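Thank you for making time this morning. I would like to walk through one model with you, starting from the whole chain and ending at a single sheet.

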Amino acid sequence: MRTFYAGPSGREITLALWTHGHFIGGPEIFGGGTHMWSADVQEDVELLYLTGARIRQLVDSMPSFAICLINGLVAKGKCYSALVQMLGTRSVTERLAQLLIILGDTHGRAEGNRLVVEKKITHDHLAAIVGSTRQWVTMTLDKFQKKGLITACRGRLSIENYDLLQAETDSSC
């Protein structure tokens with residue numbers, strides 16, 4: 001599931017890509033405020049929806065639930081802090097390389113010396129995550145492919161040289 005913020009201009013910024021078992025809600029977990037974030041999915045998902053009143057009831061009656069909720073909020077805080085730090089301190093090329101590394105780490109399957117990313121993600125989604133355009137992402141993926149870092153073909157992405165791609169996260173192309 002992808003969570004994102006859409007600005008008044010319609011431009012979106014992806015806040016996070018969440019996998020199985022994650023707490024997706026917020027920031028108004030008890031309700032009462034306007035939700036600023038949206039979400040979409042690219043595949044079938046099963047969700048458990050809890051109203052703000054039900055969450056409040058569980059927090060009041062189950063200290064272990066409250067602790068889990070706090071831990072979930074801490075994890076979200078770290079995620080969003082990392083996003084802000086990345087957007088403010090890394091070039092777009094470094095952000096794309098880092099995103100590919102993350103996709104490889106979370107959705108990759110070893111196949112010989114390569115890491116095949118089994119998550120389907122479009123160039124539009126990659127652009128929304130790194131704060132760029134689809135055209136720029138396509139061009140940069142082509143550059144990464146020419147350098148032998150990745151192979152991208154018909155929706156299939158493979159990381160051919162993980163270490164060299166990792167090096168791209170620390171220096172601009």
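How many helices and how many strands does the protein chain have? The protein chain has six helices and seven strands, where helices (H or I, at least four residues) and strands (E, at least two) are DSSP runs, numbered from the N terminus. Before going further, please keep in mind that this is a predicted model, in which local features need pLDDT of at least 70 and side-chain atom pairs count only at pLDDT 80 or more, while totals for chains, interfaces and linings use all residues. Residues are numbered from 1 along each chain as its sequence is written, and side-chain values use heavy atoms, with hydrogens and water left out.

Following the sequence, the elements come in the pattern β-β-β-α-α-α-β-β-α-α-β-β-α. The C-alpha atoms fill a box of roughly 55 × 40 × 30 Å along the principal axes. Of the 173 residues, 32% count as buried, meaning under 20% relative accessible area with a 1.4 Å probe, protein chains only. If we take the contacts (heavy atoms within 4.5 Å) with a separation of 6 or more, 55% of them involve residues 24 or more positions apart.

Now to the sheet. Which strands form it, and in what order? Four strands form an open sheet in the order E4-E5-E7-E6, with antiparallel pairing, and two strands are said to pair if DSSP finds at least two bridges between them. Its edges are strand E4 (108-111) and strand E6 (150-153), each of which pairs on one side only. From one strand to the next the twist averages 25 degrees, the axes being lines fitted to C-alpha atoms and the angles running from 0 to 180 degrees between N-to-C directions.

Let me go through the pairings in turn. E4 and E5 are joined by four bridges, and Glu111 has Arg114 in E5 as its bridge partner. The hairpin of E4 and E5 has two residues between the strands, and Gly112 there takes a positive phi near 70 degrees.

Strand E5 (residues 114-117) is in turn joined to strand E7 (residues 156-159) by three bridges. Here Val117 has Leu157 as its bridge partner, and Val116 stands opposite Ser158.

Finally, E6 and E7 pair over four bridges in the antiparallel sense, with Cys153 partnered by Arg156 in E7. These strands also form a hairpin with two residues between them, where Arg154 in the turn has a positive phi of about 50 degrees.

Terms used: Buried means under 20% relative accessible area, exposed over 50%, partly exposed in between (1.4 Å probe, protein chains only).
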